[in-house]
Amino acid sequence: MLRRILKGAAERMLTAEPVTRLARRRRASSTLILAYHNIVPDGEPVAGDMSLHLPQRHFARQLDVLLETHEIVRLTDILEPPPADARRPRAVITFDDATQGAMTAGVLELESRNMPATVFIAPAFVGGRPFWWDAITGRGGAAMGDELRQYALTNLAGSDAKIRKWAEDEGVPLRQPPTHQLCATEEQLHQAAGEEITFGSHTWSHPNLTAVSGAELADELAHPLQWLTERFDNVVRWLAYPYGFCNADVAAAALEAGYDGALRVDGGWISGGLTSGAAQLHMLPRYNIPAGLSVRGFQLRTSGLAR
């Protein structure tokens with residue numbers, strides 16, 4: 001209890017406007033790429049990996065904070081250096097997985113504020129398929145634990161098909177997640193697409209790319225770009241690594257596949273401008289926004305006062 005009280009007091013002090021404003025001024029030449037996953041429509045239930053499912057009202061409050069404190073830019077804009085007279089940092093909004101909640105409630109909040117965002121899609125799931133991390137359960141039907149998740153990501157290569165087969169063989173129960181947690185349909189993607197909402201690749205079937213190689217790796221990278229560009233006009237040649245996993249070989253394969261840039265799901269700020277074609281473009285950091293982050297915590301992290 002005392003620790004929580006002290007933490008709250010510290011957050012209140014640090015989020016005082018003079019403190020956060022000064023911190024942002026020091027970051028004025030930097031960019032922060034934010035990584036979201038699902039947006040839960042108000043009043044809807046949540047199951048599975050709770051950290052991925054942000055309530056709509058909390059997302060709306062975060063967007064309002066960003067409008068007051070950052071210059072919101074498109075993902076492709078980060079290839080241009082920030083203005084020399086910039087007084088506040090740039091922020092980019094991205095989504096992984098293209099869930100139905102993100103494509104409906106999330107896009108609604110963005111459009112009402114005229115804010116751009118890029119959504120990374122794994123086409124194998126398009127059409128209302130559930131993701132394994134929301135479907136699989138731990139012992140007794142509880143949420144999946146860290147040990148089970150690590151086994152799925154490493155021993156089973158983060159492969160949805162392999163993980164489901166393992167769950168069937170081991171008698172691990174699967175749940176049907178709420179509709180908003182399922183991947184969007186192609187119709188929902190067309191409804192969400194626009195000048196401010198662009199689509200990028202999240203590979204074809206969302207495996208751990210560091211655990212695949214050769215023809216499989218090449219197909220996971222090339223196939224989604226083909227699928228996206230055949231259906232949509234708002235596609236950017238950018239990749240978000242599934243689970244944020246990448247290494248030098250994977251980054252080189254992404255470059256070879258024709259991606260202009262590729263994003264992890266960890267890390268922090270990007271300082272200064274970026275050079276088109278530079279190696280760093282295929283291992284860029286993002287700041288993951290977990291569902292349990294408070295408004296003050298969000299202000300601290302987006303001001304550079306906390307990690």
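Guide: A pocket is an open set of grid points with protein on both sides within 12 Å along at least five of seven lines, and a residue counts as lining it if the residue has an atom within 4 Å of a point. With that in mind, note that what stands above is a predicted model, and that the second largest pocket has 15 lining residues.

Visitor: Which residues of that lining lie nearest the centre of the second largest pocket?

Guide: His37, Leu52, Arg149, Tyr243 and Val265 are the ones that lie nearest its centre, and the space in this pocket comes to about 220 Å³.

Visitor: What makes up the lining of the second largest pocket by class?

Guide: Six of the lining residues are nonpolar, five are polar and four are charged.

Visitor: How many helices and strands does the protein have, taken as a whole?

Guide: There are eleven helices and eleven strands, in a protein of 307 residues of which 53% count as buried. Among contacts between residues at least 6 apart in sequence, 72% join residues that are at least 24 apart.

Visitor: What makes strand 5 count as mostly covered?

Guide: Seven of the seven residues of strand 5, which spans residues 90-96, are buried, and the word buried is used for a relative accessible area under 20%. Arg90, Val92, Thr94 and Asp96 point one way from the strand while Ala91, Ile93 and Phe95 point the other way, and the residues on both sides are buried.

Visitor: How do you know that strand 1 and strand 5 pair?

Guide: Two strands are said to pair if at least two bridges are found between them, and strand 1 (residues 30-36) has six bridges to strand 5, in the parallel sense; by that cut-off of at least two bridges, they therefore pair. Within this pairing, isoleucine 33 stands opposite valine 92.

Visitor: Which strands does strand 5 run parallel to over two bridges and over three bridges?

Guide: Strand 4 (residues 71-72) is joined to strand 5 by two bridges, with glutamate 71 standing opposite arginine 90. Strand 6 (residues 117-121) is joined to strand 5 by three bridges, and threonine 94 has threonine 118 as its bridge partner there. Between strand 5 and strand 6 the chain passes through helix 4 (residues 100-112), in a β-α-β crossover that is right-handed.

Visitor: Why is glutamate 109 called buried?

Guide: Glutamate 109, which lies in helix 4, has a relative accessible area of 13%, and the cut-off for buried is under 20%, so glutamate 109 is buried. Leaving aside residues up to four places away in sequence, glutamate 109 touches Gln56, Phe59, Ala60 and Leu63.

Visitor: Why does aspartate 266 count as partly exposed?

Guide: Its relative accessibility is 40%, whereas buried needs a value under 20% and exposed one over 50%, so aspartate 266 falls in between and is partly exposed. Aspartate 266 sits in the loop between strand 9 (261-263) and strand 10 (270-271), where it touches Pro285 and Arg286, not counting residues up to four places away in sequence. From C-alpha to C-alpha, aspartate 266 and alanine 35 are 8.8 Å apart in space, though 231 residues apart in sequence.

Visitor: Why is glycine 43 called exposed?

Guide: The relative accessible area of glycine 43 is 77%, and exposed means over 50%, so glycine 43 is exposed. Glycine 43 belongs to the loop between strand 2 (38-40) and strand 3 (53-55), and its C-alpha is 8.7 Å from that of proline 55, twelve residues away in sequence.

Visitor: What is the phi of aspartate 97, and what is the phi of alanine 157?

Guide: Most residues other than glycine have a negative phi. Aspartate 97, however, has a positive phi of about 90 degrees, and alanine 157 has a positive phi of about 60 degrees. Aspartate 97 is in the loop between strand 5 and helix 4, and alanine 157 is in the loop between helix 6 (146-154) and helix 7 (160-170).

Visitor: Are aspartate 97 and alanine 157 buried or exposed?

Guide: The relative accessible area is 4% for aspartate 97 and 7% for alanine 157, and values under 20% count as buried, so aspartate 97 is buried and alanine 157 is buried too.

Notes. Residues numbered from 1 in each chain as written. Predicted model: local features only at pLDDT ≥ 70, side-chain atom pairs only at ≥ 80, totals over all residues. Heavy atoms only, no water. Buried < 20%, exposed > 50% of the residue type's maximum accessible area, 1.4 Å probe, protein only. Helix = DSSP H or I, 4+ residues; strand = E, 2+ residues; numbered from the N terminus. Right-handed = clockwise from strand over helix to strand, strands pointing away. 1 Å grid on protein atoms, 1.4 Å probe; cavity = no way out; pocket = protein on both sides within 12 Å on 5 of 7 lines; lining within 4 Å. Points joined across faces, edges and corners; volume = space filled by probe spheres on them. Nonpolar A, V, L, I, M, F, W, Y, C, P; charged D, E, K, R; others polar. Contact = heavy atoms within 4.5 Å.
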